[in-house]
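Here is a short briefing on one protein chain. Look at the model first, then work through the points below.

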Amino acid sequence: MDDIIQKTSSFLIALTVLKIIWTPEYLKYDFGPDHPFWPQRGREFLELIKQSPIEYKIVSPPPASDKDILLVHTPDYLDKVKKSAKLSSPLSLDTPLNPGVLETAYYSVGGTIVTCEIALKGEMVINLLGGLHHAETNRGGGFCIFSDHAIAIRKLQKQGKLKKVLIFDLDVHAGNGTQEIFYSDPSVFNISLHQDPATLYPGTGFAHQRGIGKGKDYNLNIPLPPGTNGSDYLQALDQVLPLYNNYQSDLTILILGVDTYKNDPLANLNLVENDYLEIGKRFSRFPKLAVLCAGGYSRQTPELWLEFLKGQAN
Ligand SMILES: [Zn+2]
């Protein structure tokens, strides 16, 4: 099975050019000079990839609509976000809001919808701002306002373009938003590797949280101790990747957090540059893969994304 996936994917990738979903609007995802999120990482990545042998095309997404947002979030929450943005009052302690940030959040959702549509055609695609996995139906935080990937899934499900989705969330923080949104939903299998939430934000995402009702066993948390290195990390990843074969999803979403990197200021895992190349190689086997760039707060973030892509195109 693995061999079949490998051959199909190499064939498809050879025929397609990487699509990079990016718009200058993403630069407005700016929470202020002292905030760890740095929107320039997208622009730096574009400079870097120019010098690499990877062939690519930039695709500018449209913003999502309120109707899209309401596929996942409550009307009360959307009202609150709009009011807070207008007043530039914070959504949570770590997530200040202003009109530019909110506008960008709509573009990020639009970007992830486009990313999933392109991935469904079997093309290589990466959204430079997505996988904002801390946004819950009725609550934002952790630098996340809207759950772009959850909205994209709901929209494409509604349009009949897909039924089942597998999410691999490799951001170092547990995705409390994704977990909350899909906790009772067997049509979305959420697999997350992250630093033990007893030692890191958001303080949830434990191994015993496996889903509820029909969604039981479709939420899989793999907490890793602080200090986990690349070889232990890849070993943990290799144990869950074969679940792809059993679940038979129409689309795989990869939330590519690179805040697992040894120098990341917001967490305590110990991955090095080459580990991202290795992660990329593993995901080159997936024929319909939407890659979303989530956490990554070190200055090396653009290089780590590129390492991943070199592995994926391998
Ligand atoms: Zn993170």
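The axes of helix H4 (residues 75–87) and helix H5 (residues 99–120) come within 7 Å and cross at roughly 140°. This is a predicted model: local features need pLDDT of at least 70, side-chain atom pairs count only at pLDDT 80 or more, and totals for chains, interfaces and linings use all residues. Residues are numbered from 1 along each chain as its sequence is written. Helices (H or I, at least four residues) and strands (E, at least two) are DSSP runs, numbered from the N terminus.

**H4 and H5**
- Axes are lines fitted to C-alpha atoms, for helices over the stretch in contact, and angles run from 0 to 180 degrees between N-to-C directions.
- H4 and H5 are therefore oblique to each other. Angles under 35 degrees count as roughly parallel, over 145 as roughly antiparallel, 65 to 115 as roughly perpendicular and the rest as oblique.
- Val81, Ala85 and Lys86 of H4 make the contact with Pro99, Val101 and Leu102 of H5. Two residues are in contact if their C-beta atoms, placed from the backbone, lie within 7 Å.
- The contact of H4 with H5 has five nonpolar residues, no polar ones and one charged. Ala, Val, Leu, Ile, Met, Phe, Trp, Tyr, Cys and Pro count as nonpolar, Asp, Glu, Lys and Arg as charged, and the others, Gly among them, as polar.

**H10 and its partners**
- Helix H10 (residues 273–283) packs against helix H11 (residues 301–313) at an angle of about 40°, and their axes are 6 Å apart. That makes H10 oblique to H11.
- H10 passes H11 in a right-handed crossing. A crossing is left-handed if the near helix is turned anticlockwise from the far one by less than a right angle, and right-handed if clockwise.
- By class, the contact of H10 with H11 has seven nonpolar, three polar and six charged residues.
- Helix H8 (residues 230–240) also meets H10: their axes come within 10 Å and cross at roughly 15°. H8 is thus roughly parallel to H10.
- The crossing of H8 and H10 is right-handed.
- Gly230, Tyr233, Leu234 and Leu237 of H8 make this contact with Asp275, Glu278 and Arg282 of H10. Its residues divide into three nonpolar, one polar and three charged.

**Around Gly175**
- Where is Gly175 placed? Gly175 is in the loop between strand E4 (165–169) and helix H7 (176–182).
- Gly175 is buried, because 33 other C-beta atoms lie within 10 Å. A residue is buried if 20 or more other C-beta atoms lie within 10 Å of its own, exposed if 12 or fewer, and partly exposed in between; C-beta atoms are placed from the backbone.
- Leaving aside neighbours within four places in sequence, Gly175 is in contact with His133, His134, Asp169, Ser192 and Ile255.
- Gly175 and Asn190 are 15 residues apart in sequence and 9.4 Å apart in space, C-alpha to C-alpha.

**H6 and what follows**
- Buried residues in helix H6 (residues 148–158) include Asp148, His149, Ala150 and Lys155.

**The whole chain**
- The protein chain has eleven helices and eight strands.
- Of its 314 residues, 46% count as buried.
- Along its principal axes the C-alpha trace spans about 55 × 50 × 40 Å.
- Among contacts between residues at least 6 apart in sequence, 76% join residues at least 24 apart.
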